[in-house]
Amino acid sequence: MKKNLFTFIGLFAMVAILFGFDSDSKRKIPAATVKTLDLKTFDTSTISNDGKPIVISFWATWCSPCKKELNAIAEVYEDWQDETGVKVVAISIDDARNMNKVRPYVDGQGWEYDVYLDPNADFKRAMNVNNVPHTFLVDGNGHIVWQHNSYSPGDEEELYELVKKLSEGKDI
Amino acid sequence: MVLKHHIYNYIAGISLSLVCLGAFGQENAPPAPDLGQLHGNFEITAQYYNEDSLIGAPDFPERVGANAFLNLIYVKGNFESGVRFESYEPVLQGYPTNFEGSGVGLRYARYRKDELDITAGHFYEQFGSGLILRTYEERALGVDNAIDGIRVKYKPFRGVYLTGLMGKQRFRFENRVQNGDGRVRGFDAELNINELIPSLAESRTQMTVGGSFVSKFQADRDPLLVLPENVSSYGGRFSLTRGKFSFLGEYAYKINDPSADNNFIFKDGQAVFVSGSYSKKGLGITLAAKTIDNMSFRSDRSETVNNLTINYLPALTRQHTYNLAATLYPYATQPTGEVGYQADLIYKIPKKTYFGGRYGTTVSINYSGVNSLDTTQIPENNVSDSLKTLQGYTTNFFSLGSQTFFKDFNIEVTRKLSKKTKITASYVNFVFNNDVVKLSPNKGTFFTDIAILDVTYKIRPKHTLRVEAQHLWINSVPTKVDSTNLNVLSEGELGETISAERDNGDWAAAIVEYTFSPHWIVSVIDQYNYNNNNKDLRIHYVTGSVVYVNKGTRIMLSYGRQRAGVFCVGGVCRNVPASNGLTLSLTSSF
């Protein structure tokens with residue numbers, strides 16, 4: 001028991017240190033295998049946007065806040081793209097139960113995002129997502145520079161401020 | 001040995017971490033060698049329990065329960081390694097009971113180069129839609145059937161994806177992960193026709209075909225029956241998309257596999273899943289059907305609930321999100337046999353039209369039904385042919401049985417009324433055969449109507465108020481039971497009819513939620529069982545919670561009563577007992 005306790009104290013300390021370094025440790029999008037909506041195999045490390053920012057959002061058809069977030073962005077996505085060239089990549093973590101409903105939902109809502117299926121959570125795990133919605137911001141060099149868990153109406157405004165900063169070449 | 005094993009895991013994890021800390025330390029120094037990167041996530045849920053005899057929450061002498069997880073993944077070039085520390089000191093009430101203590105719950109090393117991908121240790125894998133193999137983690141439910149062994153993925157040729165694996169499955173946790181008894185071996189091949197044949201690369205028609213084989217081994221220690229020690233299964237799948245259409249079909253077969261799930265019959269199993277969809281901008285239609293016959297597949301034939309499952313058979317029904325619809329009567333697949341079908345439509349009525357309104361209106365309609373499989377029992381007293389008796393039943397595989405297990409019709413309309421106000425109105429109708437699903441101790445088939453209204457009002461930028469009102473009405477039909485053992489009888493059999501019980505009666509629920517983007521969410525939920533048959537149980541289940549979010553970190557504090565019920569994530573559910581107390585939860589990704 002004692003040893004376990006020490007293990008955990010040590011780990012908590014390490015986590016604390018890691019948080020301290022969090023913003024400095026620039027990480028690229030990890031490699032994981034997902035599927036396109038026509039079920040082709042796709043490697044996530046190849047996600048790119050010609051040196052412009054990328055938003056990666058994890059969602060599911062059964063997750064209300066996730067759909068609210070992506071629908072809210074959809075309303076302004078054209079403006080965002082015109083002004084900053086940002087690309088939104090939506091990763092559905094729906095499993096076999098709902099996976100076949102993802103494409104009809106995406107089309108039904110008229111989303112213009114790049115949508116991928118992650119039915120066994122391989123990419124979700126690689127990105128250390130605990131629960132959805134979870135949104136990441138990737139800079140022009142492919143580094144993950146920001147993330148946000150959960151969604152409240154209005155969060156997309158903060159996200160867009162950060163996207164604009166990135167597209168102007170500023171650090172966030 | 002056990003201790004040694006544990007220490008190795010521990011040392012591996014720590015040394016990985018140290019390597020990484022070294023890397024951070026080098027940050028401002030002159031160009032240093034790439035020491036890789038460490039990242040991960042953390043989660044803790046802790047609850048302080050009050051005794052609440054009214055709702056059936058027992059006295060919990062330890063007062064506090066907590067589940068915690070720390071995942072660390074280290075990546076350097078082609079090499080990756082991961083470890084997960086878990087802690088259940090003690091495990092939360094209602095979580096599966098086979099979790100105790102603290103230690104390493106998962107560890108693996110992975111090497112990827114060009115077309116090769118090798119994993120040693122724990123891994124999660126899915127063949128096709130999972131009809132014969134899916135290992136996955138659903139932490140909120142305590143489901144984790146990771147395979148501990150070796151997995152090799154290889155792409156010998158463009159468009160050809162091969163996977164082979166072997167190992168034992170994660171079963172329980174007692175200061176370290178412990179594997180189940182049986183061995184799992186599997187192989188999967190997937191061909192992408194368009195990648196394979198270059199002239200089809202740009203074709204409008206995209207096709208993949210796949211095939212898999214999975215077998216399990218478990219020694220036969222049964223004193224009476226001669227059980228198959230090796231149980232093999234295989235499956236094939238096909239997908240096609242062309243423009244707005246897509247089609248998916250999958251078939252699986254399993255040889256006889258007597259188990260606790262199927263009452264030790266020696267019958268083989270089969271499953272078919274087909275799904276088609278049509279979608280264009282503003283419209284999506286999905287049709288799907290599924291048949292399952294004796295397809296429960298575990299690496300230990302004596303296990304039940306969510307333990308040691310090899311395959312994944314989610315319900316072909318809508319996954320509801322609103323509280324009363326999602327948690328009171330959720331349907332779970334009957335792996336011994338069922339036939340299900342579902343139709344789903346989403347349509348966006350264009351904005352600035354008569355029906356669409358100024359901002360457009362989204363309408364979703366969904367219908368699903370699950371029936372029994374049409375089977376004929378083989379009489380048990382068939383002494384002349386005991387082998388036949390052990391088959392249990394015969395069936396016409398694709399034919400719908402007469403018994404309704406579940407039906408769900410639901411419609412949801414979402415409309416933005418003004419710049420500030422958005423509403424969602426929803427109606428849900430269930431037919432829930434509790435004699436089959438056995439969710440509640442009451443007998444009969446329940447008929448429920450649920451109405452939901454969800455209004456979101458933007459007070460000012462970043463400040464939003466959301467109010468939800470829900471109501472559930474319930475009725476049930478009488479059931480005929482055998483008066484001696486109270487087993488439910490089917491039509492035509494003689495027995496005693498017991499009066500209809502309306503299960504727990506009607507419910508009303510309300511949620512008020514105030515969000516202040518991007519950091520704060522404050523909410524209160526009240527579920528009121530105002531019409532329970534037992535007047536003493538007409539109580540309010542009120543919970544208040546405050547959530548603070550900062551980037552990848554989320555902290556939630558909540559206090560109140562939680563009713564006993566079914567808690568589902570994804571397609572899997574577990575029962576949670578009633579509880580009363582204070583809950584703290586923290587999740588963080590880094």
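The legends below describe close-up views of a predicted model.

Local features are given at pLDDT of at least 70 and side-chain atom pairs at pLDDT 80 or more, while totals for chains, interfaces and linings use all residues. Residues are numbered from 1 along each chain as its sequence is written, chains are lettered from A and ligands numbered from 1 in the order in which they are written, and side-chain values use heavy atoms, with hydrogens and water left out.

**View 1. Chain A holds 5 helices and 8 strands.** Helices (H or I, at least four residues) and strands (E, at least two) are DSSP runs, numbered from the N terminus. Their order from the N terminus is α-β-β-β-β-α-β-α-β-α-β-β-α. Of the 172 residues in chain A, 62% are buried, meaning under 20% relative accessible area, with exposed set at over 50% and partly exposed in between (1.4 Å probe, protein chains only). Among contacts (heavy atoms within 4.5 Å) in chain A with a separation of 6 or more, 69% link residues 24 or more positions apart. Chain A has an accessible surface of about 6,600 Å², and carbon and sulfur atoms supply 51% of that surface; the area comes from the Shrake-Rupley method with a 1.4 Å probe.

**View 2. Helix α2 of chain A (residues 64-84) is bent at Val76(A).** The bend is about 60°, taken as the angle between axes fitted to the seven residues ending there and the seven starting there. Buried residues of α2(A) include Cys66(A), Leu70(A), Ile73(A), Tyr77(A) and Trp80(A). An α-helix has 3.6 residues a turn, so residues three or four places apart point the same way. The buried residues of α2(A) pack against β4 (54-59), β5 (87-92), α3 (102-109), β7 (134-138) and α5 (155-167) of chain A. Just after α2(A), Gly85(A) has a positive phi of about 75°.

**View 3. Ser296(B) lies in the loop between β15 (283-293) and α3 (323-327) of chain B.** Ser296(B) counts as buried because its relative accessibility is 10%. Its side chain makes a polar contact of 2.4 Å with the side chain of Asp261(B). A polar contact is a pair of N or O atoms within 3.5 Å; within protein, one must be able to donate a hydrogen and the other to accept it, and residues adjacent in sequence count only if both atoms are side-chain atoms. Beyond neighbours within four places in sequence, Ser296(B) contacts Lys254(B), Asp257(B), Asp261(B) and Pro335(B).

**View 4. Confidence in chain B is lowest in helix α1 (residues 2-25).** The mean pLDDT (the predictor's confidence in each residue, from 0 to 100) is 47 in α1 of chain B and 98 in strand β5 (residues 116-123) of chain B, where confidence is highest.
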